[in-house]
Amino acid sequence: MAVTVAFVSQKGGPGKSTLARALSREAATNGLRVKLADLDLQQGTSLEWNRTRLQAGIEPSISVESFPTAAKALAVAGEYDLLVIDGPARASAGTLEIARASDLVVQPSGAALDDLRPAVKLFHELTRAGIPSERLVMALNHVATEAEEADARAYVEQAGYSVLASSLVERPLYRQAQNAGLAVTEAKHARLRERADALVQSIVNRIEG
Ligand SMILES: Nc1ncnc2c1ncn2[C@@H]1O[C@H](COP(=O)(O)OP(=O)(O)O)[C@@H](O)[C@H]1O
Ligand SMILES: [Mg+2]
């Protein structure tokens, strides 16, 4: 049975698809059989991204498929080592179903309180519904400075949740990479690739730990 990692969020645009693609790309590079399940039916951005990737002939190829529900994605998970769920644009009734189906739930968030408050609230809702908090982790994205990151980390930990050891800085090159069908771990700039690699590694460490 596949290990299932889901990326969900309360707000739109914090980086679910960005992180889901990066994890999938690194898993595929390491020879794992990985399925990236795009549950954002309305936008299907990871499907579109993969179309660009295929047209550009970027290796490794990644198996991306659209599913209406987590259950439908889980139904094919047996054939894979890793199922990566790229969650819908915003939290919905489906978010709890996704969390129940997952070994690890990663919620990307910006570092502002405007982003962190609703993100923590979603984790509270999930734990109240019976999801163990050990299965939930925040991923800080779009951060600008170390001080900002430290404050955000403290806020989330104070609320009772853990934060991935690595974060992503806000950089146009990360957008450009994804515009071209690349993952952020394939960005043009070595320092940015390393930062993205470290973030993916921090997710892998959580899965293994
Ligand atoms: N660290 C970053 N720096 C710059 N742009 C980013 C970063 N992370 C994500 N983005 C961009 O922000 C937008 C939203 O990210 P996305 O992963 O699609 O969010 P979500 O799937 O949560 O809606 C995309 O255009 C993406 O390329
Ligand atoms: Mg998305």
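Here is a short tour of a predicted model, stop by stop.

**Stop one: the core.** Start by selecting V5, F7, L23, V84, I85, V106 and Y174. Of the 65 residues in the largest nonpolar core, these touch the most other members. Now centre on F7: beyond its neighbours within four places in sequence, F7 is in contact with residues including K16, L19, A20, L23 and I203.

**Stop two: helix 7.** Next, select residues 172-179, which form helix 7, and pick out Y174, A177 and Q178, which are buried. Look down the helix axis: the buried residues fall within an arc of 90°, so they line one face of the helix. Among the elements that cover them are helix 1 (16-29), helix 2 (45-55) and helix 8 (190-208).

**Stop three: the largest pocket.** This pocket has a volume of about 490 Å³. To find its centre, select G13, G15, S17, T18 and Q178, the closest to it of the 27 lining residues. Helix 1, helix 2 and helix 7 each supply at least two residues of the lining. Colour the lining by class and you will see six nonpolar, 13 polar and eight charged residues.

**Stop four: the second largest pocket.** Here the space is about 250 Å³. Of its 14 lining residues, L23, A27, L32, L82 and V204 are closest to the centre. Helix 8 gives the largest share of the lining, six residues. By class, the lining divides into eight nonpolar, two polar and four charged residues.

**Last stop: helix 6.** Select E157, found in helix 6 (residues 146-158). At 44% relative accessibility, E157 counts as partly exposed.

Conventions:
Residues are numbered from 1 along each chain as its sequence is written. Chains are lettered from A and ligands numbered from 1 in the order in which they are written. This is a predicted model: local features need pLDDT of at least 70, side-chain atom pairs count only at pLDDT 80 or more; totals for chains, interfaces and linings use all residues. Side-chain values use heavy atoms; hydrogens and water are left out. Buried means under 20% relative accessible area, exposed over 50%, partly exposed in between (1.4 Å probe, protein chains only). Helices (H or I, at least four residues) and strands (E, at least two) are DSSP runs, numbered from the N terminus. The arc is that of the directions from the helix axis to the C-beta atoms. Contact means heavy atoms within 4.5 Å. A nonpolar core is a set of buried Ala, Val, Leu, Ile, Met, Phe, Trp, Tyr and Cys residues joined through side-chain atoms within 4.5 Å. On a 1 Å grid over the protein atoms alone, a cavity is a set of points where a 1.4 Å probe fits but cannot get out, and a pocket is an open set with protein on both sides within 12 Å along at least five of seven lines; lining residues have an atom within 4 Å of a point. Grid points are joined across faces, edges and corners, and a volume is the space filled by probe spheres set on the points. Ala, Val, Leu, Ile, Met, Phe, Trp, Tyr, Cys and Pro count as nonpolar, Asp, Glu, Lys and Arg as charged, and the others, Gly among them, as polar.
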